[in-house]
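Trainee: I have a structure open and want to learn how to read it. Where do we start?

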Amino acid sequence: SAFTSVSAFAQDYPTQPITIVVPFSAGGPTDTVTRLVAAAMSEDLGQQVVVQNVGGAGGTLGAGQVAAANPDGYTLLLHHIGMSTAPALYASLPFDPMKDFEPIGLVTEVPMTIVARKDFQPETLEDLIAYVKENGENVTYANAGIGAASQLCGLLFMDALDVKMTEVPYQGTGPAMTDLLGGQIDMMCDQTTNTTSQIKAGEIKAYAVTTPERIAVLPDVPTLAEGGLENFNLAIWHGLYAPAGTDKAIIERLTKSLQTALADENVGNSFAELGTYPVPADQATPEALAQKLEGQIGLWGEVIKAAGVSAQ
Ligand code: MLT
């Protein structure tokens, strides 16, 4: 029967390469995290785990593609906080984050940094705040589109300062970083997984981290609270998903594999160098991700509404 063939199929899983869709460009923060996890999962599963970058529409294009994919365990999605902000930012979304996916587990939580091109005038966080208030729309800031972490951070920053800057959207902050390094763009708020090495090399300026505490890899970078923006607390959580309808046995196998990958010493060390850390095993579960997603959809729905942002 169809039932026994599905079960037998799940038992042998995986018998072919698995694709993890990253809904942003290659070379950016989500891509970096996913490639590290994919390599370790690949070792555990005995099959290649391939990363496919499907950038566009702030991560909603790639997420929509996975929502519509065959739920056979061979197409997965690694997405971040954008899964929870998109419902408030888009009037009509081509997928339902709660209904169209099977959560596999949380992956990591990444602090953000407010950075600028090397020769941008402001030197300190205080200077930056004054400069942005004075220059408003003459300041350009890069983001990865509506629904991106960089867009959310920019939105909160502009709301806190009560000012508008000029947004320049990319398909991911990987290519945005290239333009920041080239001096074509003034500013960006991006995850440490994409900014730490450039900050340390002095290739870009860093003004602040978005977490309540300073972070170990960037001890000289102040928190936004130190600059007077007290209520700004943003860490970018990431989760791994399969399309809804994926066999439970496959989800269980993937959860186990994710937990193994996150416990891998190489993954832990690489994450630490990038200013982040793998979530503990009890967070790398379908239940923890489902709970996080639901709570965050509620939270960001309120915040985005309060910031007066209208849905696109
Ligand atoms: C990326 O991977 O390019 C970023 O996560 C985009 C973003 O959300 O800012």
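Mentor: Start with a loop: Pro 14 sits in the one between α1 (2–12) and β1 (18–22). Helices (H or I, at least four residues) and strands (E, at least two) are DSSP runs, numbered from the N terminus. Residues are numbered from 1 along each chain as its sequence is written. This is a predicted model: local features need pLDDT of at least 70, side-chain atom pairs count only at pLDDT 80 or more, and totals for chains, interfaces and linings use all residues.

Trainee: What kind of peptide bond joins Tyr 13 and Pro 14?

Mentor: The general idea comes first. Most residues other than glycine have a negative phi, and most peptide bonds are trans. Here the bond between Tyr 13 and Pro 14 is cis, with omega about -5°.

Trainee: Where are Ala 57 and Asp 162?

Mentor: Ala 57 is in the loop between β2 (49–53) and α3 (60–67). Its phi is positive, about 50°, although Ala 57 is not a glycine. Asp 162 lies in the loop between α6 (149–161) and β6 (166–169). Asp 162 is not a glycine either, yet has a positive phi of about 55°.

Trainee: Is Ala 57 buried or exposed? And Asp 162, buried or exposed?

Mentor: Count neighbours. A residue is buried if 20 or more other C-beta atoms lie within 10 Å of its own, exposed if 12 or fewer, and partly exposed in between; C-beta atoms are placed from the backbone. Ala 57 has 23 such atoms within 10 Å, so it is buried. Asp 162 has 7, so it is exposed.

Trainee: What does Cys 189 touch?

Mentor: Contact means that two C-beta atoms, placed from the backbone, lie within 7 Å. Leaving out residues up to four places away in sequence, Cys 189 touches Met 112, Ile 114, Ser 150, Cys 153, Gly 154 and Phe 157. Cys 189 belongs to strand β7 (residues 187–191). It is buried because 26 other C-beta atoms lie within 10 Å.

Trainee: Which residues of α8 are buried?

Mentor: In α8 (residues 192–200), Thr 192, Thr 193, Asn 194, Thr 195 and Thr 196 are buried. Their cover includes α2, β4 (101–117), α7, β7 and β8 (204–209). After α8 comes Gly 202, with a positive phi near 75°.

Trainee: How many residues surround the ligand?

Mentor: A residue is near a molecule if its C-beta atom, placed from the backbone, lies within 6 Å of it. The ligand has 15 residues around it; the closest are Gly 28, Thr 30, Ala 148, Ser 150 and Gly 172. α2 (29–45), α6 and α7 (173–181) each supply at least two residues of that shell. α2 gives the most, with three residues. The shell has five nonpolar, nine polar and one charged residues. Ala, Val, Leu, Ile, Met, Phe, Trp, Tyr, Cys and Pro count as nonpolar, Asp, Glu, Lys and Arg as charged, and the others, Gly among them, as polar.

Trainee: At what angle do α4 and α11 pack?

Mentor: Axes are lines fitted to C-alpha atoms, for helices over the stretch in contact, and angles run from 0 to 180 degrees between N-to-C directions. Helix α4 (residues 82–89) packs on helix α11 (residues 286–306) at about 45°, with the axes 8 Å apart.
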